[in-house]
Amino acid sequence: KGSFRGDMPEVIDAHHESFRALVQPDAPLRKLAAGFEWAEGPVWVTDGAYVLWSDVPNNRMMRWSEQDGTSEFRKPSNHSNGNTLDRQGRLITCEHSAHRVSRTEFDGTVVTLVDSYKDKKLNSPNDVVVKSDGTIWFTDPPYGILSNREGYQRDSEIGHNYVYRLNTGSGDLRVVAGDFDCPNGIAFSPDETTIYVSDTGEPAHIRSFEADSSGALSNSREFARLDN
């Protein structure tokens, strides 16, 4: 949040003191790239000093670095959306039209981590976070199957929009939250005791849960209501 003069901020208002350790109060807002239908899932790749993001309807992933500027990283991208890095620094991507969460190995090979639940295809994985124990948590709303704009239209095989936890060691995939309309963004608190999930359905809101070491969630509560 800030005060703006044209498209440049004059002031950044921190609502928690810990934010000041992340962003300088006089940090300028700089446009790095333009020309996308919409951009989602930015992730900074320290090993290489570049940022990746998804241009979802255009079915591509983009790359920007100070040295090289903007370029296409992957096209087609299976209508990729959310991106993050695992604890080894490998790219983890939610792919709408492949109904999967994938991992890009260091040699560039893309492998499927998960694309189904109980032998039924996932809807369209949207956003993802990796916990320090290596488990992968992701949301699976229907946006990539509602039309051909950001995926391919089809009926949901699962019939629900879940939040999942994937144990990459055992391959176990479990539903950790099943009462969202359209679960979307997902993030852990710095100490990983709280997880936040946004719902862009009805009602639009953000909920928080306590997360224990086994991956179980409890104490669901509304963190914020997003009124139109």
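By a nonpolar core I mean a set of buried Ala, Val, Leu, Ile, Met, Phe, Trp, Tyr and Cys residues joined through side-chain atoms within 4.5 Å. The model is a predicted one.

Entry on the cores. I looked up the largest nonpolar core and found that it has 15 residues. Those with the most contacts inside this core are V114, Y117, L122, I136, F138, Y164 and L173. I then noted that strands β8 (91-95), β13 (128-130), β14 (136-139) and β15 (163-166) each supply at least two residues of the core. A second, separate core of 12 residues includes V129, I186, F188 and A211.

Entry on L122. I listed what L122 touches, not counting residues up to four places away in sequence. The list consists of H99, V114, D115, S116, Y117, F138, D140, R154, I158 and Y164.

Entry on strand β17. I checked the burial of β17 (residues 183-188) and found five of its six residues buried. I traced its pairing to β18 (residues 194-199), which runs antiparallel to β17 and is joined to it by four bridges. P183 stands opposite D199 in β18. The two strands, β17 and β18, form a hairpin with five residues between them. In the turn, E192 has a positive phi of about 65°.

Entry on cavities. How many cavities of 30 Å³ or more does a search of the whole structure find? I recorded one. The largest cavity holds about 40 Å³ of space. Its lining is formed by I12, A14, F19, R20, V23, Q24 and P25. I sorted these lining residues into five nonpolar, one polar and one charged.

Methods
Residues are numbered from 1 along each chain as its sequence is written. This is a predicted model: local features need pLDDT of at least 70, side-chain atom pairs count only at pLDDT 80 or more; totals for chains, interfaces and linings use all residues. Side-chain values use heavy atoms; hydrogens and water are left out. Buried means under 20% relative accessible area, exposed over 50%, partly exposed in between (1.4 Å probe, protein chains only). Two strands pair if DSSP finds at least two bridges between them. On a 1 Å grid over the protein atoms alone, a cavity is a set of points where a 1.4 Å probe fits but cannot get out, and a pocket is an open set with protein on both sides within 12 Å along at least five of seven lines; lining residues have an atom within 4 Å of a point. Grid points are joined across faces, edges and corners, and a volume is the space filled by probe spheres set on the points. Ala, Val, Leu, Ile, Met, Phe, Trp, Tyr, Cys and Pro count as nonpolar, Asp, Glu, Lys and Arg as charged, and the others, Gly among them, as polar. Contact means heavy atoms within 4.5 Å.
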